[in-house]
Amino acid sequence: MTPDPGDPGPLRARPPGAADPHAHGTARDLFVAAPDELRADVDAARAAGAAMRDDAATLVADHGRTLVRLERAHEVGHHPPAPAEPGGADADDPGVVRNTALSLLTQVATATATAILTLFLIRHLDPAAYGVFSLTIAITGLFLLPADFGISGSAARFVAEARRDPRARALIIADALRLKLVIGVVLAGALVAVAAPAARIFDTPALETPLRLAAIALLGQSLIQLFSGTFIAVGRLGSNLRLIATESAIELTASVALVLAGAGAAGAVAGRGVGYALGALFGLVVAARTFGRTAVAPGLRPRTSSRRLIRYAGALFVVDGAYTLFNQVDILIIGRLLGSASVGLFAAPLRLCAVLHYPGLAVSNAVAPRLARGDGNEPDIRSFSTALRGLIVLQVAIAVTILIWARPIVDLLLGSRYGEAVGVLRALTPYILLQGVGPLITVSVNYLGQARRRAPIAVAAVAVNLVIDIILIPRIGIIGGAIGTSVAYAIYVPGHFLICHRILRFDVRPIVRTCVRSALAGAAMALPLLYTLDGGIYLRGWLLGGGAALAAFCGVLLLTGEVRVSDVRKAAARVRASRTRAA
């Protein structure tokens, strides 16, 4: 990245109150400034020491693995393996494997909590009350957009580029935190102010109190976005796991307790606020331990050049704004035209679908930061391509299952009151397929520094979704919203894929082959699923039909060469090795 002319950069920035060598300050000024400088230096030294320990541990582990490989090569009479090509990673790279595992564990934790809470609320709230809760989340999401203003993604990008400079990344985080607090407090107050007008617009008086309570969740969620993004950017997936798991557990516990106490939709929103508020405080503590106290002491004025941070955040704000509107426009239009009960029928399957993108998000958290350039690092193209192919295979299996088993899934998870959601779930199948690979592709564009190129794609997706909603929802109801979402996402994800290809110049032929082979495997998988639908699905049908479908899917992947037996053995060996190191 070309530095901005005149930008002093994080290494030349002075802490607040530090003496200017070109100015004649008094002795008192120097005395006041000294403790701040000393504390910042101590924090930077401590963070540098932690980074050195991590690097040393990684070096020792890599050296040990190298010795083992050399010894094995000598025993069998072969030369040691050639080094990986520039810009590529070894398939056995422990960093990718470990971070993917930690990130997947994070997504499992939050997905489990989200699924339990969603099913609990659907079962204990009628469609109208759940519609009020969903409208509250949708409106809060619109306020969360300016509350974040793209700062989380921008800070993550520059922290990833400065990951070898503890002091520089601490100053970036401090400036981002200062901006977050100022904007977040203002937007939380604005949300409280618009609660009554919003309730009148949607003709839902019960919406006013939940919206006011949502202001707490708004500020907490905004701060958690910042902390989570910076942990991921420097590969501290363990810290991110603790943060997300803590917030999810608190939100689940508080929401369930308040709803059982009879608080209804307002109780669900209040529980969400408690979870995000306490989660933000926990994130503040973890960030101080990870990056030093300098990172969580924002001060009144920026201590490093904030122009880069704000400039890139502005580009992300446009993209995030379009994406947020893309996610919420269906619920808002349905709520205005059809009422809160229809919102509940649409939002319930949509919220369940959100859980299905967590594997892709886990892989994205581990792989996407490796595409950031800086400090002599080149994008890890091989890991990106391999991860994308794996996600395509996984999402095809999920999408085919949901397309064919939509009715038994709705009956099992949502209950008989949500029968109209079956058509919504089927119409969302293309969205489910693409949302699994979407996080890896779209977040990678951010780390490549190409956020501005995302804006036209995001705006086009929102426009398509809006037009389809306006045309179809009045005519065919809530299924029209699902169709709009799927069509718009079919523009959004491929558009970002083209950006990645233009920047990284990777070979697309393996990805195309994976798509074809996965489609064949999905077709074979569909036969046992269709067979079990005859006469309804019971426990035996779930077990036998699901097992047969999985066997058919994996069998075609093996026959077509998409998955090889040697790959399975290597994956099993890596899992055993990870368990051994953990023990």
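The structure is a predicted model, in which local features need pLDDT of at least 70 and side-chain atom pairs count only at pLDDT 80 or more, while totals for chains, interfaces and linings use all residues. Residues are numbered from 1 along each chain as its sequence is written, and side-chain values use heavy atoms, with hydrogens and water left out. Helices (H or I, at least four residues) are DSSP runs, numbered from the N terminus.

**Salt bridges**

- A salt bridge is taken as a side-chain nitrogen of Lys or Arg within 4 Å of a carboxyl oxygen of Asp or Glu, and the count by this rule is five.
- One of them joins the side chains of Glu251 and Arg272, at 3.7 Å from N to O.
- That pair links distant parts of the chain, with Glu251 in helix α8 (residues 237-260) and Arg272 in helix α9 (residues 264-291), 21 residues apart.
- Glu251 and Arg272 are both buried, where buried means under 20% relative accessible area, exposed over 50% and partly exposed in between (1.4 Å probe, protein chains only).
- Asp507 and Arg509 form another salt bridge, their closest N and O atoms lying 3.0 Å apart.
- Arg509 is exposed, with a relative accessible area of 56%, and Asp507 is partly exposed at 37% relative accessibility.
- Glu562 and Arg517 meet through their side chains in a salt bridge of 3.1 Å, N to O.
- Because Glu562 lies in the loop between α20 (539-560) and α21 (565-582) and Arg517 in helix α19 (residues 509-532), the pair ties together parts that are 45 residues apart in sequence.
- Glu562 counts as buried, at 10% relative accessibility.
- A network of salt bridges links Arg389, Arg517 and Glu562.

- Arg272 has a relative accessible area of 12%.
- Contact means heavy atoms within 4.5 Å; leaving out residues up to four places away in sequence, Arg272 touches Ile137, Ala217, Gln221, Glu251, Ser255 and Arg351.
- The C-alpha atoms of Arg272 and Ser255 are separated by 6.4 Å, and these residues are 17 residues apart along the chain.
- Thr118 belongs to helix α2 (residues 94-124) and is buried at 1% relative accessibility.
- Beyond its neighbours within four places in sequence, Thr118 is in contact with Tyr130, Arg351 and Leu352.

**Nonpolar cores**

- A nonpolar core is a set of buried Ala, Val, Leu, Ile, Met, Phe, Trp, Tyr and Cys residues joined through side-chain atoms within 4.5 Å.
- The largest such core has 105 residues, and those with the most contacts inside it are Leu121, Tyr130, Ile139, Phe384, Leu388 and Tyr418.
- Helix α13 (residues 381-404) supplies the largest share of this core, 12 residues.
- A second, separate core has 38 residues, including Ala160, Ile172, Ile173 and Tyr447.

**Surface patch**

- Val274, Leu278 and Leu281 make a nonpolar surface patch of about 250 Å².
- Patches are made of residues with over 30% relative accessible area and no salt bridge, with like charges joined within 9 Å and nonpolar side chains (Val, Leu, Ile, Met, Phe, Trp, Tyr) within 5 Å.
- Accessible areas come from the Shrake-Rupley method with a 1.4 Å probe, and for residues only the protein chains shown count as cover.
- Leu278 is placed in helix α9 and is partly exposed, at 42% relative accessibility.

Technical notes: Helix = DSSP H or I, 4+ residues; strand = E, 2+ residues; numbered from the N terminus.
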